[in-house]
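Okay, thanks for coming, everyone.

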Amino acid sequence: MNKNPVNTLTVPVAEGVCRIGRHCKITSCNSQIEKWFADKRPIVGKYCYQVFFDCDVPCDSCPCIMSMKTIQSRKKIIQINLPEKSTYLEYQAYPLKEDDTQKAGGALGVIRDITEQMEADEALL
């Protein structure tokens, strides 16, 4: 049995997907996360705030922590600089509940590229 459930996706996914443990460590991720954050490899085992936000401590408005505390999804827009151009990503965190409890044991992070949308919005201003 595959111990990395995120990598069991068999269809190409444009979104980055990762599983984040209770203490904000990334426990698995798909190839899109590896591509976007290639300069942070290896990604698995690092804290999400180190990889996604270039911080040494959790962010004040960390979507992962907030989703685990509130048991609701949370999102944040982040900007990264890829060799080709600056890219805007929407980071949405969904709490993963522990068995038979209402507490979150981690989060599922889904990251999608919203650069075109952001550029279109800026062009309208």
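Let's start at E90, which sits in strand β4, residues 86-97. Strands here are DSSP runs of E with at least two residues, helices are runs of H or I with at least four, and both are numbered from the N terminus. Before I go on: this is a predicted model, where local features need pLDDT of at least 70, side-chain atom pairs count only at pLDDT 80 or more, and totals for chains, interfaces and linings use all residues. Residues are numbered from 1 along each chain as its sequence is written, and side-chain values use heavy atoms, with hydrogens and water left out.

So, is E90 buried or exposed? It counts as buried, because its relative accessibility is 12%; the cut-offs are under 20% for buried, over 50% for exposed and partly exposed in between, with a 1.4 Å probe and protein chains only.

Who is around E90? Leaving out residues up to four places away in sequence, E90 touches K75, K76, I77, V110, I111, R112 and I114, where contact means heavy atoms within 4.5 Å. With K75 there's also a side-chain polar contact of 3.4 Å. That term means a pair of N or O atoms within 3.5 Å; within protein, one must be able to donate a hydrogen and the other to accept it, and residues adjacent in sequence count only if both atoms are side-chain atoms.

Now the sheet. Two strands pair if DSSP finds at least two bridges between them.

C18 stands opposite C29 in β2, and opposite G109 in β5. G109 is also the bridge partner of A93. Between β4 and β5 there are nine bridges, and in their hairpin, with six residues between the strands, D100 takes a positive phi near 55 degrees.
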